[in-house]
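Subject: Structure handover

Hi,

Here is the structure for you to look over. My notes follow below it.

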Amino acid sequence: MKFFRICFSVALFLLSIATSAQMPGARGQMGGGQNMNVGHFYGKIIDSATNKPIDAASVQLIQNKLDTITKKRKDVVVSGMLTTKKGEFSLENLPVMAQYKLKITAMGYKTIERKVAFQLNMAGMKTGDMSGLLNGVDKDLGNIKLDIDAQQLQNVTVVSNKSLMTMNIDRKVFNVEKNLTSVGGTAVDVMKNVPSLNVDIDGNVTMRNAAPQIFVDGRPTTMTLDQIPADAIATVELITNPSAKFDASGGGAGILNIVMKKNRKAGYNGNVRASIDSRGRPGFGGDINIKQQKVNFFAAGMLAMRKSKSDVITERTDFLPNSIAHSLQTNNPVNKGFFAFGRMGMDYFLNNRNTFTIGGNIVRGQFKTNDLLNSINDTTYTSGAVFETGNRSSYSIGNFRNYGSTLSYKHNYAKAGKELTADLNFNYSKNDNKSDNDQKQYTANSNPKGFNLLQNTTGGGTTKFFTVQTDFTNPITEKMKMEMGVRAAYRDFVSFNTINNNYKYYTGQPFFDTSIITDYKFTDAVYAAYTTFSQQLKSFTYQLGLRLESSKYDGNLITKSQKFSNSYPFSLFPSAFFTYKLNDKEDMQLNYSRKINRPNFFQLIPFPDLTDPLNISKGNPNLIPEFTNLAELSYQNQFSNKHSLFTTLYFRNTNDLITRYQYRDINPVTSDSTTFTSYANASNSFTYGLELTLRDKFVSWWDLSTNFNLYKTDLKAGNIPGTVDQSQVSWFAKINNSFKLPKNYSIQLSGDYQAKTILPASSSGGGMGGGRGGGMMGGGFGQSQPGAQGYIKPNYGVDIAIKKDFFKNNAASLTLQMSDVFRTKLSATHAESSFLIYDSQRRRDPQVVRLSFNWRFGKFDVNLLKRKNMKGEMDSMQNAQQGMGN
C-alpha cells in the first residue's frame with residue numbers, strides 16, 4: 001500500500017510540474033502548497049570507535065525559510081526525533097524539493113551537521129523509470145558515525161551551568177559548588193554566603209534572627225555544621241515556613257537542609273582536593289561516583305587540620321548588696337585540632353520503579369585549647385575600694401565522634417508522580433572532654449592573695465537518634481494531589497560531668513576540696529502523621545495540610561535520684577499555602593503554619609552547672625512548650641534570565657517564648673552571692689519583617705546576589721523577675737559578587753552587615769561549650785551571653801576569593817581566599833539588669849588565607865544511559881530535593 005501511495009503522490013507531483021511548465025504564472029500560484037510532502041529520510045547513528053548504535057541521540061532536520069513577519073530568512077526545525085535503542089531514525093512526510101540541514105547531537109559526542117536533499121531522477125521520468133524516481137524520495141542516509149567529545153570532563157560537572165542561587169516560591173536553593181570562599185572549609189563557611197542566613201564568629205546560624213533546624217538530605221542530624229566539609233555539599237535549601245509535611249518541632253525558625261553530593265551519571269567521576277592555610281594547617285579530601293547498570297556507588301572523605309585564635313575583652317559590673325564590683329577580663333584562646341569525615345553509600349535500581357539506597361557516614365575529631373585569662377577587679381565598699389588582679393590558665397582537650405546510617409526505599413507507580421518512600425535513619429554521637437584550670441588572685445602590689453583554685457573537669461556523653469518514616473504521594477488528577485505520611489523519632493541522651501575543685505592558700509596549705517558529679521540521661525519520642533491536599537485551578541493553586549504530633553519526655557538526674565517527665569498526647573499543626581500565578585514571570589503566595597518548641601533537658605534540669613564559677617547555669621522544671629504562628633506573603637518576579645526579585649513580608653508570633661535570664665543567688669560551693677543564668681517562659685514575642693532577595697547579571701562577566709532583611713522584634717518579658725519588655729528595629733544585608741575574568745580567572749567578593757538586634761532567645765553565646773562552633777572550637781572563660789536582657793551590637797565583614805582553572809578542559813583549579821579581609825568582624829554584646837551590666841567583644845580568625853587545589857576526573861559512558869531509565873533517574877534526582885520527608 002505504501003508503494004502505491006507514493007507512486008500516486010509522485011504522479012500527482014509530476015503532473016503539477018508539467019502543468020506549471022505549460023501555464024505561465026501557475027507555478028507561482030501553486031508554490032510550496034503543491035510541493036508534495038512525500039519525502040523520507042532514514043538512517044542509523046553509531047559510535048565511530050566501536051560501531052555500536054547510539055541510543056537517544058537527537059536528530060533534527062532544519063530548513064531555511066522566509067519569516068513572513070520579519071521578512072528575513074531563518075532556520076526552522078521541520079522534523080526531528082530521538083534514535084531508538086538500535087540507533088535508528090526515520091523522518092517522513094517531507095517536501096522533496098527543499099534543501100535541508102541534518103543536525104545530530106548526543107551526550108558525550110561531538111555535534112555533527114551536514115546538508116541533505118532528495119535527488120529526483122527527472123531524466124528517468126521521460127523513460128518511465130518510476131523505481132529511480134521512488135528511490136529519490138525514499139532516501140537512506142546510511143550509518144552516520146559520531147566521534148567522542150574530547151571535553152568529557154565538562155559533562156560530568158552537573159552544576160557547571162547553574163547560578164550561585166536559584167529561587168522557588170517555597171524555598172531558596174544555594175549552589176555550593178559555585179561558592180569560592182568556602183572551598184576547603186566546613187558548612188559554617190558555606191552558610192556565611194547563603195542569603196537570609198546570619199553566622200556569628202562561633203558558627204551559630206540564625207535565619208531571620210532565630211535558629212533554624214538543621215537537616216542533611218532531608219532528615220534531622222546529630223552532626224553540627226563544623227563537622228560537615230563544605231566540599232561534600234551540593235546545595236543548601238532554605239525553607240522559611242515549612243508545611244505540615246515537615247516536623248513541627250523546633251519552633252518557627254524554619255529548616256536549613258544540606259543536600260550532599262551524589263551523582264547518577266553513567267560511568268565514573270570524582271575529584272581530589274588539597275589545601276593549606278596561612279597558619280600552616282593542611283587539608284585533604286576527595287570523592288568518587290561510579291554508576292554501572294543497576295548500581296550507583298558514591299564515596300567521599302576529608303581530613304582537615306585547624307588552628308583557631310580569638311581575642312576577647314569582657315567588662316562586667318555587679319551591683320551587690322554592700323558593694324559594686326567591676327571587672328575587666330582579657331584572654332586570647334588558641335585552639336588546635338583536626339576533624340575527619342567519611343561518607344559511603346550506593347543506590348540499587350532493582351528495576352525502573354523500585355530503588356533501594358543504603359549509606360553511612362563517620363566523623364571524628366579532636367581539639368585542644370590553651371588559654372590565659374587576665375582580670376582586673378575593682379570593688380567599691382562604703383568604707384573604701386579594693387583593687388586586685390588575677391589570672392586563670394586553662395588547658396582542655398575534647399574528642400567527638402559521629403556515626404550515621406540510612407536505608408531508604410522508593411517505589412514509582414505506573415501513574416506519573418505517584419510514589420511511595422520509606423526511610424530508616426540512625427545517628428550515634430559520642431564526645432568526651434577534659435580540662436585543667438589554675439586560678440590565682442593578687443593584691444594591688446602583685447602579692448598573692450586568698451587561695452588558689454585548681455579545677456579539673458572531665459565529662460562526656462552519647463546521643464542515639466533513630467527515625468523511621470514513610471511518605472505516599474498520589475496525584476489524583478493532573479491538577480490535584482494528595483500526600484500523607486507517618487513518622488516516629490526516638491532519642492536517647494546520656495551525659496556525665498565531674499568537677500574536682502581543690503582550694504589552697506597561696507602558701508600551699510589546703511583550704512578545702514570538693515567534687516561535683518553530675519550524671520543524667522533522658523529519652524524523648526515524637527510520633528507524627530500528616531496529610532496535605534493541593535489543587536490547581538487555572539492560575540490559582542492551594543495546598544491545605546494538617547499534622548498530628550504526640551510527644552513524651554523522660555529525664556533522670558542520676559546523681560540526685562530525681563526524675564522529670566512530661567508528655568503532650570496530641571497537638572495539631574495546620575498549614576495553608578495559596579499561590580497565584582500572575583503570568584509566566586510573576587507569582588504570589590500567602591502561607592501560614594503553626595509550630596512548637598519543647599523545652600529540652602538542659603533547660604529543665606533544676607541543678608546548678610558549676611563548670612564556670614562566674615557563670616553558673618540552672619534549669620527550670622516549670623517550663624512549658626512555646627507555640628509559634630508563622631505567616632508569609634511572597635512575591636516573585638523573574639524579569640528575565642538575568643534579573644529576578646523575591647520579596648517576602650513575614651510575621652512570627654510566639655507564645656510562652658522560652659528565653660534565658662539572669663538572677664542572683666548563693667553559690668552552693670563558696671556560699672557567696674553570685675549570678676545564675678536560667679530559663680523562663682516570657683509572655684510572648686512578635687516579629688514583623690520585610691525580606692528582599694535579588695539576582696542580577698548586569699553583564700556576561702558579573703553576577704550579583706543581594707539580600708536585605710528589615711525587621712522589628714517586640715519581646716514581652718516583663719513577667720520574668722529582673723527583666724523588662726524590649727522592642728528593637730533592626731536590619732541585615734548580604735551581597736555576593738561573582739566575576740568571570742579572562743584566561744579562566746574568577747573572583748568572588750562577599751560581605752554582610754548586621755545592625756543592632758535583640759539576642760536570639762535560644763542563643764547560647766560565645767562561652768565555653770556555647771553554640772555549634774563553640775565548645776572545643778573556641779570561646780573563653782566567663783563569656784556567656786544573657787537572653788531576654790541583652791542585644792548584639794552592629795558588626796560587618798568582607799570575604800574574598802580568586803580562582804584559576806587550568807589543565808585540559810579546566811579539569812583543575814587553584815583557589816586563594818581570605819576571610820574577614822578588613823578585620824571588622826567583631827562580635828559584641830551588651831546586657832543589663834538591676835544587678836548586672838555586661839559587655840563583651842570577641843574577634844576570631846580574621847584575615848586567614850587558604851590556598852586550595854581541586855582536580856576533577858571522570859569518564860562518561862553514554863551507552864549506559866538507557867532510554868527506559870532516563871525519565872526515572874531525572875524524577876529521582878528532582879524528588880530527592882523536593883520530596884524531603886516530614
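N425 is in contact (heavy atoms within 4.5 Å) with R219, S405, T406, F465, F466 and T467, leaving aside its neighbours within four places in sequence. One of these partners also makes a polar contact: the side chains of N425 and T406 are joined at 3.0 Å. A polar contact here is a pair of N or O atoms within 3.5 Å; within protein, one must be able to donate a hydrogen and the other to accept it, and residues adjacent in sequence count only if both atoms are side-chain atoms. N425 sits in strand β23 (residues 419-443). Its relative accessible area is 10%, so N425 is buried. Buried means under 20% relative accessible area, exposed over 50%, partly exposed in between (1.4 Å probe, protein chains only).

Some ground rules. This is a predicted model: local features need pLDDT of at least 70, side-chain atom pairs count only at pLDDT 80 or more, and totals for chains, interfaces and linings use all residues. Residues are numbered from 1 along each chain as its sequence is written, and side-chain values use heavy atoms, with hydrogens and water left out.

Now the whole chain. The protein chain has eight helices and 45 strands. These are DSSP runs numbered from the N terminus: helices are H or I with at least four residues, strands are E with at least two. Of its 886 residues, 51% count as buried. Among contacts with a separation of 6 or more, 69% are between residues 24 or more positions apart.

T463 is another buried residue, with a relative accessible area of 11%. It belongs to strand β24 (residues 448-477). T463 and F493 are 30 residues apart in sequence, yet their C-alpha atoms are 4.6 Å apart.

Next, the cores. A nonpolar core is a set of buried Ala, Val, Leu, Ile, Met, Phe, Trp, Tyr and Cys residues joined through side-chain atoms within 4.5 Å. The largest has 31 residues, and M191, I233, V236 and I258 touch the most other members. Helix α6 (residues 187-191) gives the most to this core: four residues. A second, separate core has 24 residues, including L94, A98, A106 and L120.

Salt bridges: the count is 26, taking a side-chain nitrogen of Lys or Arg within 4 Å of a carboxyl oxygen of Asp or Glu. R208 and E691 form one at 2.7 Å, N to O. R208 lies in the loop between β11 (205-207) and β12 (213-216) and E691 in strand β35 (residues 684-699), so the pair ties together parts 483 residues apart in sequence. Both R208 and E691 are buried. D318 and R316 meet at 3.0 Å, N to O. D318 is buried at 12% relative accessibility, and R316 is buried at 11%. D75, K101 and E113 are linked in a salt-bridge network.

Last, a sheet. Three strands form an open sheet in the order β30-β34-β33, with mixed pairing. Two strands pair if DSSP finds at least two bridges between them. The edge strands are β30 (616-617) and β33 (658-666), each pairing on one side only. Two bridges join β30 to β34 (residues 673-681), and these strands run parallel. I616 stands opposite F676 in β34.

Best wishes
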